[in-house]
Amino acid sequence: YDFDQETADWTRTAELLGASSDEALGSAVDISPSGTFVIAGSPSIGAGFATIYRHNPFGWVSIATISGSKDGEKMGASVAFLSDKFVAAGAPSYDSGRGRVLVFERDDASDSFQQLGPAFIGGPGERIGEILAGGESSSVATIIVGTSTGLIKQFSFDRAYSAWIQTAATVDTGFRTSTGLLAIDSALDSFVAGGDDTSTIYEIL
């Protein structure tokens with residue numbers, strides 16, 4: 001949808017459809033800050049996948065796919081643009097419920113996406129990849145992930161070591177069930193977590 005400032009109305013400009021109803025395209029969606037890119041998850045078929053679309057004068061065109069590797073891992077159950085340059089997708093059922101998250105970086109010249117560092121792999125039963133959020137500051141990608149036990153972890157990518165480094169203490173939200181929603185501010189120093197009929201805001205000091 002596009003917003004018309006003069007009429008204050010939303011106009012539908014495109015409809016993205018999956019190849020079949022089984023893939024459940026749109027189970028998770030996000031749009032990049034500039035509005036140029038959209039990512040849509042399809043976790044319900046095979047290993048699952050997420051499709052990245054780019055807007056051009058003719059509409060929305062599929063330009064990349066983030067695919068799962070193991071049947072039933074539900075890749076695309078969560079998706080997030082950290083910026084116009086970085087995008088993430090989660091597969092919470094990977095490896096018997098450990099879960100994993102992949103982050104990709106866009107190459108400006110070719111408009112292609114390449115995986116950034118290794119995957120995040122959760123611990124037994126953590127289901128990493130059910131929810132995620134993130135951002136970019138000074139060309140550094142940062143991501144926060146939630147677990148099935150209500151823990152929140154934040155990581156930033158260190159190019160010197162080609163590794164994701166935990167950059168803040170693990171937060172125990174106290175939620176009895178998994179964290180339902182996550183959102184982080186543009187400065188990457190505050191986030192809100194939702195679960196158990198509660199929303200809690202945290203600030204990094």
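A nonpolar core is a set of buried Ala, Val, Leu, Ile, Met, Phe, Trp, Tyr and Cys residues joined through side-chain atoms within 4.5 Å. In this predicted model, the largest such core has 17 residues, and a second, separate core has 16 residues.

**Nonpolar cores**

- Within the largest nonpolar core, the residues with the most contacts are Ile 39, Ile 52, Ile 66 and Val 87.
- Two or more residues of this core come from each of strand E4 (37-42), strand E5 (49-56), strand E6 (59-67), strand E7 (78-81), strand E8 (86-91) and strand E9 (100-106).
- The greatest contribution to this core is that of E8, which gives three residues.
- Leaving aside residues up to four places away in sequence, Ile 66 touches Ile 39, Phe 49, Ala 50, Ile 52, Met 75, Val 87, Ala 89, Leu 102 and Phe 104.
- Among the members of the second, separate core are Leu 82, Ala 88, Leu 116 and Trp 164.
- In soluble globular proteins, nonpolar side chains tend to be buried together.

**Surface patch**

- A nonpolar patch on the surface is formed by Tyr 1, Phe 3 and Trp 10, which together have about 420 Å² of accessible area.
- Trp 10 lies in strand E2 (residues 9-11).
- The relative accessible area of Trp 10 is 58%; because exposed means over 50%, Trp 10 counts as exposed.

**Ser 156**

- Ser 156 belongs to strand E14, which spans residues 151-158.
- With a relative accessible area of 12%, Ser 156 is buried, because the cut-off for burial is under 20%.
- A polar contact of 2.8 Å joins the side chain of Ser 156 to the side chain of Thr 142.
- Not counting residues up to four places away in sequence, Ser 156 touches Val 140, Ala 141, Thr 142, Ala 163, Trp 164, Ile 165 and Thr 167.

**Arg 106**

- The side chain of Arg 106 makes a polar contact with the side chain of Asp 111, at 3.1 Å.
- Beyond residues up to four places away in sequence, Arg 106 touches Phe 37, Arg 54, Asp 84, Lys 85, Asp 111, Ser 112 and Phe 113.
- Arg 106 and Ser 139 are 33 residues apart along the chain, and their C-alpha atoms are separated by 12 Å.

Note on methods. Residues are numbered from 1 along each chain as its sequence is written. This is a predicted model: local features need pLDDT of at least 70, side-chain atom pairs count only at pLDDT 80 or more; totals for chains, interfaces and linings use all residues. Side-chain values use heavy atoms; hydrogens and water are left out. Buried means under 20% relative accessible area, exposed over 50%, partly exposed in between (1.4 Å probe, protein chains only). Helices (H or I, at least four residues) and strands (E, at least two) are DSSP runs, numbered from the N terminus. Contact means heavy atoms within 4.5 Å. Patches are made of residues with over 30% relative accessible area and no salt bridge: like charges are joined within 9 Å, nonpolar side chains (Val, Leu, Ile, Met, Phe, Trp, Tyr) within 5 Å. Accessible areas come from the Shrake-Rupley method with a 1.4 Å probe; for residues, only the protein chains shown count as cover. A salt bridge is a side-chain nitrogen of Lys or Arg within 4 Å of a carboxyl oxygen of Asp or Glu. A polar contact is a pair of N or O atoms within 3.5 Å; within protein, one must be able to donate a hydrogen and the other to accept it, and residues adjacent in sequence count only if both atoms are side-chain atoms.
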